[in-house]
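Here is a report on charge pairs and pockets. Please look over the sequence and the structure before reading on.

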Amino acid sequence: MSNVAGMVSGMRVPFRSPDDLFDVQHLESTNPMSQFGEWFKQASETPGVEEPNAMSLATATKDGCPSVRMVLLKGFDENGFTFFTNYNSRKGQELAQNPVCALSFYWTPLKRQVRIEGCAEKISSAESEEYFHSRPRASQIGAIVSKQSSVIPNRGVLDDKYASLIEEFKDESKVIPMPEYWGGFLVRPKVIEFWQGQTNRVHDRIRFRRPRENGEEDPDCVHTGEGGWVFERLCP
Ligand SMILES: Cc1cc2nc3c(=O)[nH]c(=O)nc-3n(C[C@H](O)[C@H](O)[C@H](O)COP(=O)(O)O)c2cc1C
């Protein structure tokens with residue numbers, strides 16, 4: 001154990017970046033969702049990015065105690081970012097008491113990070129149903145088997161329930177009902193930051209946000225993007 005800990009402090013992984021830099025003129029003619037789309041497409045086409053849609057999701061209780069875990073992005077458009085989960089899970093319960101949350105992506109070969117802050121809301125059960133039934137049957141059964149985040153006495157509880165549901169739904173024409181506690185959340189973004197790592201470690205950061213309100217002026221170095229967004233450059 002101590003050897004491993006020593007290894008960590010000595011780790012020096014070479015940081016080689018494609019060294020792309022943001023083009024402010026291009027950003028002025030776009031908005032953060034289109035920019036995300038461009039980066040997501042490139043990440044999806046880059047060898048070595050195994051799950052481009054894997055993202056960390058941070059939530060917090062109403063008292064501000066945070067928790068974070070990975071989830072899979074299953075859709076995005078101008079309204080925001082969608083993922084699916086069990087509404088009774090820890091994340092589901094935290095989002096019910098405090099919808100403020102954050103997402104982050106990191107695509108290692110491209111040395112690109114995206115950070116999103118916003119508020120989550122449940123999508124309609126019709127939309128959740130549509131996605132639920134598009135999944136492989138084994139995944140649909142998995143959603144029923146797992147009372148996500150609850151404590152169980154042993155692994156056998158899950159294996160037995162899974163086996164009995166596989167038996168119950170072995171007739172492929174039998175529809176597997178979506179549990180009422182399962183569905184999607186849409187995260188409506190308020191802030192989206194794009195981070196482009198640089199080999200020399202002087203990284204490039206651009207943050208999109210809404211203009212300041214209450215008569216407060218934005219500083220001169222703030223640029224105007226599309227769709228009511230503004231953006232600014234941050235120190236790395
Ligand atoms: C790459 C990856 C993708 C995941 N995708 C999801 C997902 O889309 N939805 C989900 O509920 N859990 C997903 N999980 C599991 C979660 O990380 C987590 O263990 C689970 O949702 C319970 O979290 P909670 O107890 O904080 O609610 C994923 C885990 C990994 C490692």
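What follows covers salt bridges, then pockets.

**Salt bridges**

The model is predicted. The count comes to 14 salt bridges. Side chains of opposite charge can pair when their charged atoms come close.

| Pair | N to O distance |
|---|---|
| Asp-204 and Arg-233 | 2.5 Å |
| Glu-232 and Arg-209 | 2.7 Å |
| Asp-218 and Arg-212 | 3.7 Å |

Take Asp-204 and Arg-233, whose side chains meet in a salt bridge. Asp-204 lies in strand β8 (residues 204–209) and Arg-233 in strand β10 (residues 230–234), so the pair ties together parts that are 29 residues apart in sequence. The cut-off for buried is under 20% relative accessible area. Asp-204 has 8% relative accessibility, so Asp-204 counts as buried. Arg-233, with a relative accessible area of 44%, is partly exposed.

Glu-232 and Arg-209 also form a salt bridge. Here Glu-232 sits in strand β10 and Arg-209 in strand β8, 23 residues apart, and the pair links distant parts of the chain. Are these two partners buried or exposed? Glu-232 is buried, because its relative accessibility is 8%. Arg-209 is buried at 10%.

In the salt bridge between Asp-218 and Arg-212, Asp-218 is partly exposed at 21% relative accessible area. Arg-212 is partly exposed too, at 38%.

Which residues join in a network of salt bridges? Arg-207, Arg-209, Arg-212, Glu-216, Asp-218 and Glu-232 are linked in this way.

**Pockets**

The largest pocket holds about 340 Å³ of space. Its lining has 16 residues. Nearest the centre of the largest pocket lie Phe-84, Thr-85, Arg-135, Gln-148 and Trp-182. Strands β2 (66–72) and β4 (80–86) each give at least two residues to this lining, as does helix α6 (137–145). By class, the lining of the largest pocket has seven nonpolar, six polar and three charged residues.

The second largest pocket has a volume of about 210 Å³. Residues lining the second largest pocket include Lys-74, Gly-75, Phe-76, Asp-77, Asn-79 and Gly-80. Also among them are Thr-82, Ile-123, Glu-127, Tyr-131 and Leu-186. Elements β3 (75–77), β4 and α5 (125–134) each supply at least two residues of this lining. The lining of the second largest pocket divides into five nonpolar, four polar and three charged residues.

Phe-84 lines the largest pocket and also lines the second largest pocket.

Key
Residues are numbered from 1 along each chain as its sequence is written. This is a predicted model: local features need pLDDT of at least 70, side-chain atom pairs count only at pLDDT 80 or more; totals for chains, interfaces and linings use all residues. Side-chain values use heavy atoms; hydrogens and water are left out. A salt bridge is a side-chain nitrogen of Lys or Arg within 4 Å of a carboxyl oxygen of Asp or Glu. Helices (H or I, at least four residues) and strands (E, at least two) are DSSP runs, numbered from the N terminus. Buried means under 20% relative accessible area, exposed over 50%, partly exposed in between (1.4 Å probe, protein chains only). On a 1 Å grid over the protein atoms alone, a cavity is a set of points where a 1.4 Å probe fits but cannot get out, and a pocket is an open set with protein on both sides within 12 Å along at least five of seven lines; lining residues have an atom within 4 Å of a point. Grid points are joined across faces, edges and corners, and a volume is the space filled by probe spheres set on the points. Ala, Val, Leu, Ile, Met, Phe, Trp, Tyr, Cys and Pro count as nonpolar, Asp, Glu, Lys and Arg as charged, and the others, Gly among them, as polar.
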